[in-house]
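Subject: Structure handover

Hello,

Here is the structure I said I would pass on. My notes on one part of it follow below.

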Amino acid sequence: MSDQVITMPTIALRGTTILPGMVVHFDVNRTKSRQAVESAMLQDGRIFLVTQEDKDIEDPGIGDLYRVGTIASVKQVVHLPRDNARILVEGIVRAELIGLKKEQPFLIARILPYDNVSEKLPEVLEEAMCRGLKELLREYTAAGAPMSKEIAEQILKEEKLARLITEIGGRIPITWKQRQTILEAVTVEKQYEALGGILSRETSVLQVKQDLQGKLKVQIDRNQKEYLMREQIKVIRKELGEDSIATDTDLFREKLDKLNVSDPIREKISREIDRFSRMNNNSADSSVQKTYLETVFELPFGIYSEDNNDLKNAWRILEEEHYGLKEVKERVMEFLAVRQLAQKGRTPILCLSGPPGTGKTSIARSVAEALGKKYHRVCLGGIHDEAEIRGHRRTYIGALPGNITSALRQAGTMNPLILLDEIDKTGKDYKGDVSSALLEVLDPEQNNSFQDHYLEIPLDLSGVLFIATANDKAN
């Protein structure tokens, strides 16, 4: 380091650091910086370049500047519109910022230059350092560094350590803060350590980036392959007249995305859609599978109507629509009151008994109107087949869901009022026991996961209000 402190026009750089030996150009926009360049050109053409610690500061002082900068020679000045200028400089030597002699009208710094003569290192040590940096540079470029092959080869031809450090530090695309670290390393050994650390870190970052991009590329290639295969399948199906299955499959998947169901049910429906997508359009099975999926998507999963709990309104409706029947209406009001107090708890199932024509069905309809519920009537008179309640297995020709599932589909909500009409007229024969099937429908311990044989999907009937009617209590 020189012992002589000198003064020199100074430019505070924003977001860039210039090393000795670098030849770069940059724009000068601030008035102070332009005047410093003009002053340097009137003297010996030398200027001190020091970087701001915070590039956003518009008028930096001594506390905003790094302590080590570069004395540079101004090679060219090009005047630009709006009083801007572009200058070409070549870094000469490092210098330490001692203080500012003057800040107006431009910066004049008091600096202490470092000797421009590198310390003499043992020949073997210098050779080892050169080889080490070249090896790091090869690894850096092999990892995909944004550096041309020609520039890398030109740098690798350099035999002098000091020059090699300058070439690598000035040409590799690193941040200005990293370059400032190299600038502040005064001795060649410290410069070697700083540059080697930066190269090693940048190589590791690039390798990780390559690994991530490789994984991403594999994923993208897989997705593109699947897309192309699906498009090919669509073309083949179109040629075979089977493109309607692909269209229906896409429609079913869109509906599935909007369906409010639990994950197990969603997975079950997704498997059924996949099965449908693989079927031949002309096969009988595809028609059966399509009907099944349409039935599933017509069910009101997650849709509930809001109950009207105004008991006065319920009594008014019962009074307006039914003359007399005082005891029956009082019992219905008691039923509604208990149900309102119980809220989501268990409530009894109301059974209206009496001869035909006494108003059992109409009372149930009035209760639905009073509560604001959807109403559906299921006639059980003369039913002997258990499948009318539980549904048919899909393996049978003409299979259909049971009456309870159909009632939910037609009502459009999961909490309608379902009237089980003529419940005393159900029968029992070789096709099963209808009464036993109804137990799962009406028992609050079981009906939260009612299994319809056709759907093979559990249905939650706990929100349904069941009212039954009978002509003969003895049955």
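Strand 9 and strand 14 (residues 465-470) run parallel and are joined by four bridges. One of the residue pairs here is I418 with F466, its bridge partner in strand 14. Please keep in mind that this is a predicted model.

Strand 9 covers residues 417-421 and also pairs with strand 8, again in the parallel sense, over five bridges. Among the residue pairs between them, Y375 has L417 as its bridge partner in strand 9, and V378 has L420.

These pairings belong to an open sheet of four strands, in the order 7-14-9-8, with parallel pairing. At its edges stand strand 7 (350-353) and strand 8 (375-379); each has a single partner strand, so one side of each has no neighbour in the sheet. On average, neighbouring strands of this sheet are turned by 20° against each other, direction ignored. As background, strands of a sheet pair through backbone hydrogen bonds, either parallel or antiparallel.

Which way do the residues of strand 9 point? L417, L419 and D421 point one way from the strand, while I418 and L420 point the other way.

Is strand 9 buried or exposed? Five of its five residues are buried, that is, under 20% relative accessible area, so strand 9 is largely enclosed by the rest of the structure. The buried residues include D421, which points the same way as L417 and L419.

Regards

Note on methods:
Residues numbered from 1 in each chain as written. Predicted model: local features only at pLDDT ≥ 70, side-chain atom pairs only at ≥ 80, totals over all residues. Heavy atoms only, no water. Pairing = 2+ DSSP bridges. Helix = DSSP H or I, 4+ residues; strand = E, 2+ residues; numbered from the N terminus. Axes fitted to C-alpha atoms, helices over the stretch in contact; angles between N-to-C directions. Buried < 20%, exposed > 50% of the residue type's maximum accessible area, 1.4 Å probe, protein only.
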